[in-house]
Amino acid sequence: MILNSLRIVAVGAVAVVLLTGCTGPTVVAGSEVTVAVAEPFTSLNPATSYGRTTSTNANVAYLAGASFAYYDDQYRLVDDLSFGTAEIIADDPLTVKYTVSPDARWSDGTPIDAADLLLAWAANSGALNTPDFDDSSYVDPATGRYATDFPAGTVYFNGAVGAGLEKATQTPQLGSDGRTLYVHYDTFVPAWKTLLAPGIPAHVLQAIASGQTYDDARKAKDDLIAAITTADQLALGKLARAWNDAYNVTATPADPRLLLSSGPYAVSAIDETGVTLDANSQYRGDRRPKIETIKLRYSPDELDTIKLLEDGDVDIITPEPKADTATTLGGIGGVTVVTGSESRNEHLDLQFADSRSGMFGDERIRRAFLEVVPRQQILEQLVTPLQSDATVLDSFVLHPGSVGYADAVAANGSVAYSGTDVAGATALLAEAGVTAPTVCILYDPASDLRQTEFALIRDSAARAGFVVTDCSSPDWQGLLGVGGAYDAALFAWDTSRLGPGAAGSIFRSDSTLANFSRYSDPAVDTLVDQLAAEHDPAKQAALATQIDTALWDAAYGVPLYAYPTLTAVRDTVTGVTRSPQAHGVFWDAWQWAPAPAG
């Protein structure tokens, strides 16, 4: 059975309050759901540049994490008061009071408190990092992980700088209750409610970094607080190294402290086949699960994944959305198939500096290449058969159907790339004085969609003389942004959860979060800062249009399409829905339940 899903988009700042309480659903003993995932699990810390390159890491952290708020499947922000409260107490500067509930605790029973929030600030703000330190020369291009230690005395948390906490440059203050942290932002940050959450346990990181054996978690937290509030460079350097590297794992770690959880589930096992999470018995929040065990099974091959579903070895799959796949799934008994769309966007990005061939430092060569990218052909071959009303994506910043999208497309210059122009591309290459320029494209070789995209681009670009070569790698996520690794990259991102601040994380010159292209434009820096501080949707759209125009003018790359979705669920599990945002089917996994017998 194949169903069409309806996406309902909430316009404006809508918040849903999840009320606190001690009652809720209970775990069904022995219940288990297995979900196939296409990307491997590589890190228990998805906030590092290495950890955030695979969605599986992020989804595991989401299932095992707690936060002050999260987004539902209708783009509404849900306040989780059972974890704590986040409230603005001053506007100039923006000051937010984050208070953790007294019931919140890690899965070892240790209370979650201000020390854990302070660590999250230190790691993801970059405020305590050694000024002007460049970590790029310490990264192994083959893996994306650090190959050597930083120089002695260096402090460098490789956190999510660019997501918004970097705007909180002042060290926060701890409240007298031990559960409150006051964070001062230099400017308004729209995502203030979701920016701060306990990721890594403070007492565990302190013990690992210092090498000390603590009998009292409180003492470990106090030592970490002292290191941060006094800017102890030696202690901070050790904390940063542990935060960056200790949580990168491919098997169940020997140290069980690395598996501590703050949310509904806790990781219990890791191996080459995937990750197992069990219901967290210490969890006291309102997202209490019904399913006892969730397994994420790594299955990069689509045919294998479908066979796993057919044989009953997995219960939920979200394969690449293709018409023939939907037809195949619809013929499997006891399986419900749903098609829809999501906020994830496929795009082709070009490297402005440090590319493999060095060609794309010249705007004329970038523009020539983009003029022979067959966007419409890619859409018609890969998306339209499943989603008949799909259109080419013509904005880098706005989503189709969002406020201002149509006006932006009419004004941003995307019309210049509405079709391929071989003659124009050839003329630009002649003007640049190059013939047969090489373009090596990075992409996921396990993705049939990207293999097809690569082939279509290669064949189309050859008409203008480009020699497009294959830089695909199983470690493609870790190679994003690595100098000399490639010239262009095919991948997708979903920044909708970041709101207006998302543009800065990608396009701001100094962003280390997602500016993989080394794009730099002071005028765009100003625009993305203005966008992040703007409340009015119409003014946001106007600023987004200006950013779009600058990106098209600079031949930044090309957006391709908004992803369609395809989800198949065995009838043995109920309550599975899919959010168009980042966490997909996992967004409310605590609502899953075994289907009634009979």
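Which residues in helix α9 meet which residues in helix α12? Keep that question in mind as you look through these close-ups of a predicted model.

**View 1. Helices α9 and α12 cross at roughly 160°.**
Two packed helices are described by the angle between their axes and the distance between the axes. Here, the axes of α9 (residues 363-370) and α12 (residues 422-432) come within 8 Å. The crossing angle makes α9 roughly antiparallel to α12, because angles over 145 degrees count as such. The crossing of α9 past α12 is left-handed. Now for the opening question: R364, I365, R367 and A368 in α9 meet A425, L428, L429, E431 and A432 in α12. Sorted by type, the residues of this contact are 6 nonpolar and 3 charged, with no polar ones.

**View 2. Strand β5 points its side chains two ways.**
In a regular strand the side chains alternate between the two faces of the sheet. The partner shown with β5 is strand β4 (residues 69-71), and the two pair in the antiparallel sense over 3 bridges. To find your place across the pair, look for Y71, which stands opposite L77 in β5.

**View 3. An open sheet is formed by 4 strands.**
In what order do the strands of this sheet lie? The order is β6-β7-β9-β8, and the pairing is antiparallel. At the edges are β6 (84-91) and β8 (173-174), each of which pairs on one side only. Between β6 and β7 (residues 94-100) there are 7 bridges, and E87 stands opposite K97 in β7. Helix α2 (residues 114-125) lies across β7, β8 and β9 (180-185). Compared with β9, helix α2 runs at about 25°.

**View 4. D92 and P93 are joined by a cis peptide bond.**
Most residues other than glycine have a negative phi, and most peptide bonds are trans. The bond between D92 and P93 has an omega of about 0°. Where does P93 lie? You can find P93 in the loop between β6 and β7, two strands of the sheet in the previous view.

**View 5. A436 and R518 each have a positive phi.**
Neither residue is a glycine. A436 has a phi of about 50° and is found in the loop between α12 and β15 (438-442). With a relative accessible area of 45%, A436 is partly exposed. For R518, phi is near 60°. R518 lies in the loop between α15 (502-507) and α16 (522-533). At 28% relative accessibility, R518 also counts as partly exposed.

**View 6. K221 is a buried lysine in the model.**
K221 is found in helix α5, which covers residues 217-229. Why does K221 count as buried? Its relative accessibility is 1%, and buried means under 20%, so K221 falls in that class. Which residues is K221 in contact with, leaving aside its neighbours within four places in sequence? They are W106, T110, P111, I112, D113, A115, D116, A202 and H203.

Notes
Residues are numbered from 1 along each chain as its sequence is written. This is a predicted model: local features need pLDDT of at least 70, side-chain atom pairs count only at pLDDT 80 or more; totals for chains, interfaces and linings use all residues. Side-chain values use heavy atoms; hydrogens and water are left out. Buried means under 20% relative accessible area, exposed over 50%, partly exposed in between (1.4 Å probe, protein chains only). Two strands pair if DSSP finds at least two bridges between them. Axes are lines fitted to C-alpha atoms, for helices over the stretch in contact, and angles run from 0 to 180 degrees between N-to-C directions. Angles under 35 degrees count as roughly parallel, over 145 as roughly antiparallel, 65 to 115 as roughly perpendicular and the rest as oblique. A crossing is left-handed if the near helix is turned anticlockwise from the far one by less than a right angle, and right-handed if clockwise. Contact means heavy atoms within 4.5 Å. Ala, Val, Leu, Ile, Met, Phe, Trp, Tyr, Cys and Pro count as nonpolar, Asp, Glu, Lys and Arg as charged, and the others, Gly among them, as polar.
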